[in-house]
Amino acid sequence: MTIPETADPRAHSRPADSRPETGPADAPGRTPDAFTPESARKDVPILHRTVNGHPLVWLDNAATTQKPRQVIEAVAGYYGTANSNIHRGAHTMAREATDLYEAGRAAVADFLGAASPDSIVFVRGTTEAVNLVAQSWGRGRLGPGDDILVPALEHHSNIVPWQLIAKETRARVVPVPLLADGRIDQDAYAGLLSSRTRLVALGQASNVLGTVPPVREMTALAHRYGARVLVDGAQAVAHLPVDVTALDADFYAFSGHKLYAPTGIGALYVKPGVLGELRPWQGGGNMIDSVSFERTTFAPAPHLLEAGTGHIAGVAGLLAALNWFTSFDLAAVAAYEEALTAYARKAMGNVPGLEILGPEARRIAVLTFTMAGRDPADIASWLDRDGIAIRAGHHCAQPALAHYGLAAAARASFALYNTPEEVDRLVTSLLELDRSA
Ligand code: PMP
C-alpha cells in the first residue's frame, strides 16, 4: 500500500484559490486581502534589532520562534501582578493563578481539537512529552519481543527515549526506512507492522525536510494492529492546522517555543481512552490524592502526570501565544508561508552548487540545503555576518541526514513574520559567498 505524502487530510482548510502566486510580480506578502507578514512583525520586538550592523533576518524558526510582545507582557505581567502557586492555598491569588493555568489547558485543548482539557498534560516541551510516554506508558506496556516503529526521519527526541525504554523492557526499536527522496517508505511501513507492534512514533512534519507524512492514514493502519500512535507535532503546530481527534492520535506532543510561546512549556495530548494506561512517572506534590506511609493514592490525570510546581508563567505565555497566533486567519497564514517557501526555493535555486534536500512533495516552511564545497557551519557564519540567522549541523536528526550521506547541512526555516525581502537578502548573501574565495 502506498500513500502519497500529499494525501494528508489536513491540507483541507486551505482553499486552492486562496494561495497567492509566487514570483517577483506578486511575491508573497503583496496580495491584497491576504495575510501580510507586517501584521505579525509589528508585534515582535526582537525582529527590529540589528545583528552585526544589519537588520536581523531570523530564519531559524524551526529551532525556535521569536516572541510577540503579547507573550512577553503576559509572562512579565504574571510575575508583576499575579504570581502565586496553584491548586493549593485558599487565597485570591492562588485561585487566580489556578484559573489562569486551567484556562491555558483549555486553550491548548481547543487549539489541538481535543475534546477535553483533561487530555492535556503540561510538560517542558516535546522532548519531555515523549519521555513521559516512554516511561509512563512504555514501562508498563512494553516487553520482550514488542516493536516500536520509528521512521528514520525522526528527531532524536523521538528516537532516544524509545531506545532507553526498549533497553529496559527488552522491546525493539525498529526504524521505518525512507525512500530515496526522503519520504517514509509506506510499503515498508505496512510490512513492518504486526501484532508485535505496540507503538508507532511519528513526526507530523519533519524538521529536516519539512515533509508532511500521511499521519492520519499511518495512524489508522497502526490501529488495525492494536498499536498506539504518538505524533510529534513540534514542527507542525506553527504551520499546519492540527486536529488530534481527526488524526486519531493516541498521544500528541508539542513545544510552546516553536509556536511563539516561551521556552520550558509544552503539552502532551493523551486520547481519553488511553489516559488510564499511563502510570505515574514522577512522584511529588500535585499528583496525589492522599499520602501516608501505609498507602498513597493518586489524583486523576492530567494532574497525575504533573508532579511538582509547573511552569505557571510559561502557561501564561503559552495562552497569550495561542491567542495571538489564532487571531490571524490561519488558512491565510498557511497559504502565505507556502508561497514564501516556494519563492525561497526558487530563488535559492539560482545559487550555484546549492541543493535542497528532500522531495518536491508538500512541506512546511523548512528548507535544508548544502552548497558544493562549503561546510554548513561556514555558510551559517557567513550569513551571520550579514545579520541572517540560519541553522547548521545535524538538526538532531542524524539518521535522516545519514540517509543523504551527510553529517551536517544548513537549514533556513520560515515563520509567518518572514518576508520575501528577507529571502532576497539570504539569496544575495549566498551568491556573495559563492563568489568569495
Ligand atoms: N521533534 C521535532 C520534530 C523537533 O524539531 C524538535 C525541536 N527541534 C523536537 C522534537 C524537540 O523539541 P524540544 O527541544 O522543544 O523538546
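Phe35, Phe111, Tyr260, Trp324, Phe325, Phe328, Tyr336 and Tyr417 form one aromatic cluster. Rings of Phe, Tyr and Trp (its six-membered ring) pair if their centres lie within 6.5 Å; planes under 30 degrees apart count as stacked, over 60 as edge-to-face and the rest as tilted. The model is predicted: local features need pLDDT of at least 70, side-chain atom pairs count only at pLDDT 80 or more, and totals for chains, interfaces and linings use all residues. Residues are numbered from 1 along each chain as its sequence is written, and side-chain values use heavy atoms, with hydrogens and water left out.

The count comes to 10 aromatic pairs. One of them joins Phe35 and Phe328 edge-to-face, at 5.5 Å centre to centre and 90° between the planes. Phe35 lies in the segment before helix H1 (37–41) and Phe328 in the loop between H9 and helix H10 (330–348), so the pair ties together parts that are 293 residues apart in sequence. Helices (H or I, at least four residues) and strands (E, at least two) are DSSP runs, numbered from the N terminus. Phe35 is buried, with a relative accessible area of 8%. Phe328 is buried too, at 13%. Buried means under 20% relative accessible area, exposed over 50%, and partly exposed in between (1.4 Å probe, protein chains only).

Helix H3 (residues 92–112) has 21 residues. Its span from first C-alpha to last is 30 Å, close to the 30 Å expected at 1.5 Å a residue. The expected span is 1.5 Å times one less than the number of residues. Buried residues of H3 include Tyr101, Arg105, Phe111 and Leu112. The buried residues of H3 pack against partners including helix H2 (69–82), strand S4 (120–123) and helix H9 (312–325); contact means heavy atoms within 4.5 Å. Gly113 follows H3, and its phi is positive, near 80°.

The largest nonpolar core has 114 residues. Such a core is a set of buried Ala, Val, Leu, Ile, Met, Phe, Trp, Tyr and Cys residues joined through side-chain atoms within 4.5 Å. Leu112, Tyr252, Ile390 and Leu416 have the most contacts inside this core. H9 gives the most to it, with 11 residues. The core draws at least three residues from each of domain 1 (16–60 + 329–435) and domain 2 (71–325); these bounds come from an automatic or database domain assignment. Apart from this core lies another, of 29 residues, among them Val123, Ala201, Leu275 and Leu305.
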